[in-house]
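I am opening a notebook on a structure that is new to me.

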Amino acid sequence: MKATSVQPAVRYAIVPKSPAAHLFEVTVTVSNPAPEGQRFTLPAWIPGSYMVREFARNIVTIGATCRGRKVALDKLDKHTWQASPCKGTLIVTYEVYAWDLSVRAAHLDDTHGFFNGTSVFLRVEGQEHAPCEVDILRPRGAAFRSWRVATALEPAQGTAALDFGRYVALDYDELIDSPVEMGTFVHGTFKACGVTHEVAITGPVPNLDLDRLLRDMKKICEAQIRLFEPGASSRSRVPMSRYVFLLMTVGDGYGGLEHRASTALLASRNDLPVQGQARMSDAYRGFLGLVSHEYFHTWNVKRIKPAAFAPYTLDQENYTRLLWLFEGFTSYYDDLMLVRSGVIAPAAYYDLVAKTVANVLRGSGRLKQTVAESSFDAWTKYYRQDENAPNAIVSYYTKGSLVALALDLTIRSQTRGQKSLDDVMRALWQRYGRDFYRGTPVGIAEDAVQPLFEAVSGLDLSDFFATAINGTRDLPLASLLSRVGLTLEPVTPDNARPSLGVKTGKRGDEATLTQVLDGGAAQAAGLSAGDSLVAIDGLRVTSGNLDKLLERYRAGDKVTVHAFRRDELRETVLTLDAPEVSQYRIAETRDRVAAQRREKWLTAK
Ligand SMILES: [Zn+2]
């Protein structure tokens, strides 16, 4: 509780005004507006999702009053307004259209409401560092009497937990970093290292095994808390006093966005465990990986941050070359924490790593773009991928996680097990993260990363940084994995069919080319993304029979291909490529010494 006796200078109120029309109504009340005319701005992007999304385009109507009388509110640019000078209380009222079922924006209908502050709360320029209040109001009508509220915001005195009412934030940054869910969600709690963690699950999930879900989530959270604060024993080692998982379930969907004391998750209801079924499905494992990923961000990116994010500038792109560290290392630890917490077995972890290896090695873009460049260009490339993406870019998530794996195994090997990437993460935490929200926030400078890694490990990492971070050469994963008694090998399937050098998709029954890989058979034969295959050697191709048809050929065979580009038929002769390596296998060797190193890595003991 952070009850404020003085009335804060900025107060917000938000009400689901019309669930049917997907409209929230928001008011901002400013007691002491700027004398020259108060300015208001809505963020253009939401931290964690590095793309300019222009949230202000969803503001439908907006107006202002000064001491109860209507005053002018001039629009200065796409997301900034300025009110006429006002001596007294200035109130801005606006409607926000909320029909984006993702973790990044806002969504409202008669089943639930969800919003990120970045979509709904105008920043009062000059007053963003002051404490603020927000009244979260119940929609009118009998149908909404059973709705509740879940958020990491603290209820003010007089507001009960999970109820509509008044909530408080230390400043604008905390306000917009605390998404809110309202509706008839299922609510569960568990304690991790003594701190309450809440889970609010929206949407129908028949026969949900909530106990199992909470048990598994607790294990993952505690493993992460212990990673960053192994020595401490009290709840003070947990970076927040309460944590909230807001989970929206749908038929098909996947996503998560991290916040300082909460996360918004979107998942398929089929990913969640069913009562009476004890097995670990791939889908549930994937969901727990998402939980683990977003929770790890509590430390890595919500507190340990690049200098470019300390503070965020929300009206434009914030450039950093370090997303490989903040997203890639988080992607490495998300799965590693599943095995360290005992939620999955080592063999399942090897499969996850092998999938990432296959994923990274698939695209030739990895030979053209470094993870540092991929980070910098996230705004225009990673987040705005087109059909040429595999030929042009590398993911700072997947390649970044392999960089973390390679670095962890390198440090472990070269220090004879004395140091590891865990020590690097703890050093980052102690130096930058632990006190981020206490006092002046400091982020890590772009050129301070390598020296810090070297100081912690005691190693010269210049070659590693030159090749893995600032270079495009493939990482020596097979030899590094052998140090911990693991082999990494490509898997050739029995029915290996030759390759067209494309990725295909369905358009009705048609097989359409979604991606044409650089240097592949289809590109050499003049085929392009968007083309629809009609026939191979005079036999009709459909999205259902293409693979079977190709199994009748061998690499090097020439086939006549008919395809439509738009409505124009073209004919070409294509020389089939060797089968693609789309899978890898990681397996244990019998090396006993290496097995001890592996044990230490996978258990962190
Ligand atoms: Zn992430």
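Before counting anything, I wrote down that a salt bridge is a side-chain nitrogen of Lys or Arg within 4 Å of a carboxyl oxygen of Asp or Glu. I also noted that what I have here is a predicted model.

**Entry 1, domains.** I looked up how the protein chain is divided, and I found domain 1 at 10-147, domain 2 at 301-481 and domain 3 at 502-576. Taking the centres over C-alpha atoms, I read a separation of 36 Å between domain 1 and domain 2.

**Entry 2, where domain 1 meets domain 2.** I then asked how many residues are in contact here, and the count came to 11 residues of domain 1 with 17 residues of domain 2. The area that the two domains bury between them is about 1100 Å², and 69% of it lies on carbon and sulfur atoms. Which residues of domain 1 lose the most area to domain 2? I found Trp45, Tyr50 and Met51, which together make up 60% of what that side buries. With the definition above in hand, I looked for salt bridges between domain 1 and domain 2, and the count is 0. For polar contact between domain 1 and domain 2, I noted 4 residue pairs, with both residues at pLDDT 80 or more.

I turned next to an open sheet of 4 strands, whose order is E6-E7-E3-E11 and whose pairing is antiparallel. Its edge strands are E6 and E11 (123-124), each of which pairs on one side only.

**Entry 4, the partners of E7.** On one side I traced strand E6 (residues 73-77), which runs antiparallel to E7 and is joined to it by 4 bridges. Between E6 and E7 there are 2 residues, and the two strands form a hairpin. As an example of a bridge, I noted that Lys75 has Trp81 in E7 as its partner. Strand E3 (residues 39-41) also pairs with E7 in the antiparallel sense, over 3 bridges, and there Thr41 has Thr80 as its bridge partner.

Are the residues on the two faces of E7 buried or exposed? I reminded myself that in a regular strand the side chains alternate between the two faces of the sheet. In E7 (residues 80-83), Thr80 and Gln82 lie on one side and Trp81 and Ala83 on the other, and all of them are buried, so that both faces are covered.

How values were computed: Residues are numbered from 1 along each chain as its sequence is written. This is a predicted model: local features need pLDDT of at least 70, side-chain atom pairs count only at pLDDT 80 or more; totals for chains, interfaces and linings use all residues. Side-chain values use heavy atoms; hydrogens and water are left out. Buried means under 20% relative accessible area, exposed over 50%, partly exposed in between (1.4 Å probe, protein chains only). Two strands pair if DSSP finds at least two bridges between them. Domain bounds come from an automatic or database domain assignment. Contact means heavy atoms within 4.5 Å. Buried area is the accessible area (1.4 Å probe) that two parts lose on being put together, summed over both. A polar contact is a pair of N or O atoms within 3.5 Å; within protein, one must be able to donate a hydrogen and the other to accept it, and residues adjacent in sequence count only if both atoms are side-chain atoms.
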